[in-house]
Amino acid sequence: MFGLSRYELRFALVISTAHLTQHFLMRLLPPLIPVLAVALDYPLWQLGLLISIYSVGGGIAQAPLGILSDRYDRLYILPTGIVIASLSYLIFALSPTIGNTIPGLSLLGYSFAGGFIVMVVSMLGVGIGAAVVHPTAYPLITDNIDRENKGKVIGGFGSFAKIGDALSPTIIGVLILVLVWEQIILVLGTIGVLVGIALYLLLRGDEFTTNPVAEDHPQGVVSDTTSENIWQADNRTYLYPLLVIYVFIITKMIPSNGLNAFLPVFIVGVYGYSTELVGVSMGAESIANFYFATLLFSAAFSQLILGAVTDRYDPRTVILICLGVSTIGLLVLALFDLSKLPLLVVIIVLGGSLWGTNPARDTLISNITPPDREGRTFGYIWTFVQLTGALIPVLVGYIIDLFGYREGFLLLTGGAVLSFVSVSLLFSSYFYVTNSM
């Protein structure tokens, strides 16, 4: 199926489920921001700060987890991270109760309630736990999948992530009709714990290669020889292209993180659509979350297609085409007043193009990196990405608070343009040459 062996297909489903769960947990907060803003009376920039704290937690953890992933059995590392992230959400759900026992904090002229402090600690735990997926999953894919099928599996891996992203607002859009926000997070956090346990059992129960230092490991016992050769080799084969890719990722985070954090509240604030379905009144928040889910389902579908495309064409070209389309979509979203159907079309195009870059991006990183450094390379990249990109939701939220919704979303277009420019550098021999050149 899809050109994969049964072994590869089984592995792809397991590792992609881990990615789905990680992103499902990552995206629980943004769909609830309109509800939390009303229920807790927190300003948007503080709610954006919670998302930034998640990024800080993930950034702190990525590099050490990458080193651990290159040295120890990923069977134990990957499921443990999922469980830690899920348990952190259980604490988040109890923040109003726990917060009553914690004194508030005043910092730089701003006041933070005890419940908000608990939320900050919880989101830090979510970030640290969820950070386990990238530095463990990509080397697992390299070890268990033939090179000619890597793009397909990475595309499926990314597609499941967007399905996880889309499931969060979809499920929350339904549950919000019958449950309060604390109950929603308690239920979904508990499901995350159960999924983490199931992942351990599935990885342990099949003949997947999970231990990088096992005698039967495809790359053999990991040594430092390849690591030393990297720094003695032409910087254009490893260091320079990875730096360019880092710039691409961080600038693309401006539109992608902005949409992830604030598309629901943008749709509520600009359009405020509501309707009645089967006798049930659906408020603007629910409708906005279903639009948000459409964005993410589009992203999931496009990665399945573009993962296979990446196996046939230059990943750099795939990325540039996607960024060009997404830039146009962002401009339309920010500048034009759209009716329901055109708004849906623009959102579908944005989801497909903006996140359609991911399989090509990850395949490019994997191809550049020697196998015995793959875990730490992805760890290092995402450490710098998440730490330097942590303030993006706060910045976008602040601009929306200060200037308005459309002005904040117009800022996102600039990030897509900068991403396009950075990837273009990879076509220059000053920045990137393959090992065969």
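## The largest nonpolar core

In this predicted model, the largest nonpolar core comprises 115 residues, and within it Leu 259 and Phe 409 are the residues with the most contacts. Helix H11 gives the most to this core, contributing 14 residues.

Leaving aside residues up to four places away in sequence, Leu 259 touches Phe 409, and its other partners are Pro 264, Phe 292, Leu 295, Leu 330, Leu 333, Leu 350, Leu 354, Trp 355 and Leu 412.

## The second largest pocket

The second largest pocket holds about 220 Å³ of space. Eleven residues line this pocket, and those closest to its centre are Leu 242, Leu 243, Tyr 380, Ile 381 and Phe 384.

By residue class, the lining of the second largest pocket consists of nine nonpolar residues, together with one polar and one charged residue.

## Leu 395 in helix H17

Leu 395 belongs to helix H17, which covers residues 392–403. With a relative accessible area of 45%, Leu 395 counts as partly exposed, because this value falls between the 20% limit for buried residues and the 50% limit for exposed ones.

Although Leu 395 and Ile 254 are separated by 141 residues in sequence, their C-alpha atoms are 9.5 Å apart in space.

Definitions and conventions:
Residues numbered from 1 in each chain as written. Predicted model: local features only at pLDDT ≥ 70, side-chain atom pairs only at ≥ 80, totals over all residues. Heavy atoms only, no water. 1 Å grid on protein atoms, 1.4 Å probe; cavity = no way out; pocket = protein on both sides within 12 Å on 5 of 7 lines; lining within 4 Å. Points joined across faces, edges and corners; volume = space filled by probe spheres on them. Nonpolar A, V, L, I, M, F, W, Y, C, P; charged D, E, K, R; others polar. Helix = DSSP H or I, 4+ residues; strand = E, 2+ residues; numbered from the N terminus. Buried < 20%, exposed > 50% of the residue type's maximum accessible area, 1.4 Å probe, protein only. Core = buried A, V, L, I, M, F, W, Y, C linked by side-chain atoms within 4.5 Å. Contact = heavy atoms within 4.5 Å.
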